[in-house]
Amino acid sequence: MNKTRSTTNRFMKFMNWYGGNSHPSFYSEKDRTIPSPEGHNIRLKIFTPYQSNEKLPVWLYIHGGGFCHGEYDSRSNFCKTIATRAKCIVVSVDYRLAPEHPFPAAPNDVYTALQWLGQHAATIGGDSNRLAVGGESAGGNLSAVVALMARDKGGPAIKHQTLLYPAVDMRLDVYPSMDTMGKGYMLEKDMIRGFHNSYAPDQSQWGNPYLSPIGAVLNGLPPALVITAGYDPLVDEGDLYAEKLKQAGVPVLHKRYDNMIHDFTMLLTGKLPEARDSVDLIVNELQKTFY
């Protein structure tokens, strides 16, 4: 086991607790594979909240884990909650992980999944005209990146992006929160440095907007919900990204939970009202987008 993975094993076990099934009557949870133009298959897990004669909107969910960890089925309970409450199909994508598969493997896989939904959503009961993306941490990065890719590459059209405490800049030393919040609050600066070095070992690439979307031209992107946490080393870059989106004319709802840690939405939903409130925000924004 490489050093990055061994030092973060306990962290990821803690993060993945939200994988239980508290929806025993949930209509359908199915696996599917789709082909990649790079010659491998990409797994999807499709969460359909109820049987419907109408095509349902689709939220493409992208899990976090520092680009090195996480599984597409580790947040099943969260995906079922969003699907049920937002009345949409949630599709979780199993993108390739570093260090075995460094950048650009992950965004390429996520964009392939989005393209597949743009063409084939009807085969899973979905509406290809009502697509949105979202994810947390590294998944927030990939959500922002795939929104850029869809804009730059001619689609498919995305109605909304949900960015939960996103990692949007490969640089660490330009943000004070990396030092003030970078030790003792679960996610630590040294962990993030290890993730980045595994995901993009060639630092000359770090200015690539598909690695660091904070440096991209942000005009013409879909509306965004940006959630940040005050006790998170990523808080400064997440706050700044929300502001840059606004400056580019993108409609943004940004809420910073000052007393929360990284990944609080997933970790603390059953324990703290702030975490439940963040889930309410996600659901409300998706409902407004889709309906």
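Which strands and helices are included in what covers the buried residues of helix 3? The structure considered here is a predicted model, in which local features require pLDDT of at least 70 and side-chain atom pairs count only at pLDDT 80 or more, while totals for chains, interfaces and linings use all residues. Residues are numbered from 1 along each chain as its sequence is written, and side-chain values use heavy atoms, with hydrogens and water left out.

The protein contains 10 helices and eight strands, taken as DSSP runs (helices H or I, at least four residues; strands E, at least two) numbered from the N terminus. Of its 291 residues, 59% count as buried, where buried means under 20% relative accessible area, exposed over 50%, and partly exposed in between (1.4 Å probe, protein chains only). The C-alpha trace spans about 50 × 45 × 40 Å along its principal axes.

Helix 3 (residues 76-86) is largely enclosed by the rest of the structure, because nine of its 11 residues are buried. Among them are Phe-78, Cys-79, Ile-82 and Ala-86. The cover over these buried residues includes strand 1 (28-35), strand 2 (41-48), strand 3 (56-62) and strand 4 (89-94), together with helix 9 (264-267) and helix 10 (273-290). Lys-87, which follows helix 3, has a positive phi near 55°.

Tyr-291 lies in the segment after helix 10. This residue, Tyr-291, counts as exposed because its relative accessibility is 53%.

Methods. Contact = heavy atoms within 4.5 Å.
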